[in-house]
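Please keep the sequence and the three-dimensional view at hand while reading.

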Amino acid sequence: MPKTLVALRSSSRPLLALISHGRGGPKGNLHLSADQIAAIDRTVRRVPEVMVKVLPKDTNNLGSVGRHLDYIGRYGKLALETDDGERVQGKDAGQRLLEDWDLDLDEDRKEMGLASVSGRAPKLVHKVMLSMPPGTPAKGVLEAARNFAREELALKHRYALVLHTDEPHPHVHLVVKSVSEQGVRLNISPTTLREWRREFARHLRDQGIAANATERAVRGETRTHKPDGIYRATLRGDSTHTRKRAEAVAAELTKGDLRVEPGRTQLVETRREVVRRWMAANESLLSQGQSELAARVRRFAKEMPPAMTEKERVAADLFKRARDPRARDMPIAR
């Protein structure tokens, strides 16, 4: 019998985890709850996926943190909402928050070597971005972000947030003080990010916004995320990283020797496991009389795009450009 496709959680909101991050479940099909069936339905309908991203740069000195707070407040044009319900606005908003959060004390501890055990300068804050695709109601995104921050951080870590709507995708910048009021340092692990994505999606659905939070591999996506600077430059068509990557692949193709990337075997194996577990989902749904959703699950698994490495995607893009002149002006695959 196939392994289970559902990892049960202790809370009332179970997690659909087709891969379970390498952990196999008990053998046999489980009875799927209404929440689990709803999660499967959202995924195969390709409901918009939330993005929760941690921006890693310039988080460990007062000057950089202050500049970031000023930037997200658009240098006084936007009000920053804090964990205690205050709205801080003005050209000095960043400095006022630094003082209110006592980050200067944390900076002093860092400089004296009292706050670092790794040898690296510890983070004073975490810079988080909560985002949804273009067309999502901005008001709902902001309210969901407020509720998310309140549940995850209130009475523990000081924070400030602000909504930006100057790009097609509405997004909220959330700045969180790393050390809590109780002296506990917040460490954001991959597990934390997965949980935050699920919770942000739940809060969006509470606002009537269709939102989902699944792993890329579960959806059949193999494209890796690029650093924000590379991603934005690629969209503009002037990324030197993307251009050099394309030139290197073109050189290998010219020689007739497109070398296989080391991670391809794991990529293919992961895809095989994902499809197998979707088929297990199909069996469980059929056994519970959910024939229509089971059919959509089968179609979803069948229509997944080929599992391709970045190099293979670039090569396919170059071949397409060679065959179709209309594709030559399009951005290179990223």
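## Strand E8, covered on both faces

In this predicted model, strand E8 is covered on both of its faces. His171, His173, Val175 and Lys177 lie on one side, Val172, Leu174 and Val176 lie on the other, and all are buried.

Leaving aside residues up to four places away in sequence, Leu174 touches His126, Lys127, Val128, Phe148, Ala149, Leu153, Tyr159, Ala160 and Leu161.

## The sheet around E8

E8 belongs to an open sheet of 6 strands, arranged in the order E3-E6-E8-E7-E4-E5 with antiparallel pairing. Strand E3 (51–55) and strand E5 (87–88) stand at the edges; each has a single partner strand, so one side of each lacks a neighbour in the sheet.

On one side of E8, 7 bridges join E6 to E8 in an antiparallel arrangement. One example is Lys127, whose bridge partner in E8 is Val175. E6 is also joined to E3 by 5 bridges, again with the strands running antiparallel, and Leu55 has Lys127 as its bridge partner in E6.

E7 pairs with E8 in the antiparallel sense over 6 bridges. Here, Val162 has His173 as its bridge partner in E8. A hairpin of 6 residues connects E7 to E8.

## Helices lying across the sheet

Helix H2 (residues 62–72) lies across strand E4 (80–82), E6, E7 and E8, and runs at about 150° to E8. Helix H6 lies across E3 and E6, running at about 135° to E3.

H6 contains 17 residues, which at 1.5 Å a residue should span 24 Å; the C-alpha atoms at its ends are 25 Å apart, in agreement with that expectation. Its buried residues are Thr192, Trp196, Arg197, Arg198, Glu199, Phe200, Ala201, Arg202, His203 and Leu204. After H6 comes Gly208, which has a positive phi, near 80°.

## The largest nonpolar core

Which residues touch the most other members of the largest nonpolar core? They are Val50, Leu130, Leu153, Leu174, Phe200 and Leu204, within a core of 25 residues. Two or more residues come from each of strand E6 (125–131), helix H5 (138–153), strand E7 (159–164), strand E8 (171–177) and helix H6 (190–206). H5 makes the greatest contribution to this core, giving 7 residues. In soluble globular proteins, nonpolar side chains tend to be buried together.

Leu174, which is buried in E8, is among the members that touch the most others. Phe200 and Leu204, both buried in H6, are also in that group.

## The protein as a whole

The protein has 11 helices and 8 strands. Of its 334 residues, 42% are buried. Its accessible surface comes to about 18100 Å², and carbon and sulfur atoms account for 52% of that area.

How many of the contacts between residues at least 6 apart in sequence join residues at least 24 apart? The share is 69%. The contact between Leu174 and His126 is one example of two residues brought together from separate parts of the chain.

Terms used:
Residues are numbered from 1 along each chain as its sequence is written. This is a predicted model: local features need pLDDT of at least 70, side-chain atom pairs count only at pLDDT 80 or more; totals for chains, interfaces and linings use all residues. Side-chain values use heavy atoms; hydrogens and water are left out. Helices (H or I, at least four residues) and strands (E, at least two) are DSSP runs, numbered from the N terminus. Buried means under 20% relative accessible area, exposed over 50%, partly exposed in between (1.4 Å probe, protein chains only). Contact means heavy atoms within 4.5 Å. Accessible areas come from the Shrake-Rupley method with a 1.4 Å probe; for residues, only the protein chains shown count as cover. A nonpolar core is a set of buried Ala, Val, Leu, Ile, Met, Phe, Trp, Tyr and Cys residues joined through side-chain atoms within 4.5 Å. The expected span of a helix is 1.5 Å times one less than its number of residues. Two strands pair if DSSP finds at least two bridges between them. Axes are lines fitted to C-alpha atoms, for helices over the stretch in contact, and angles run from 0 to 180 degrees between N-to-C directions.
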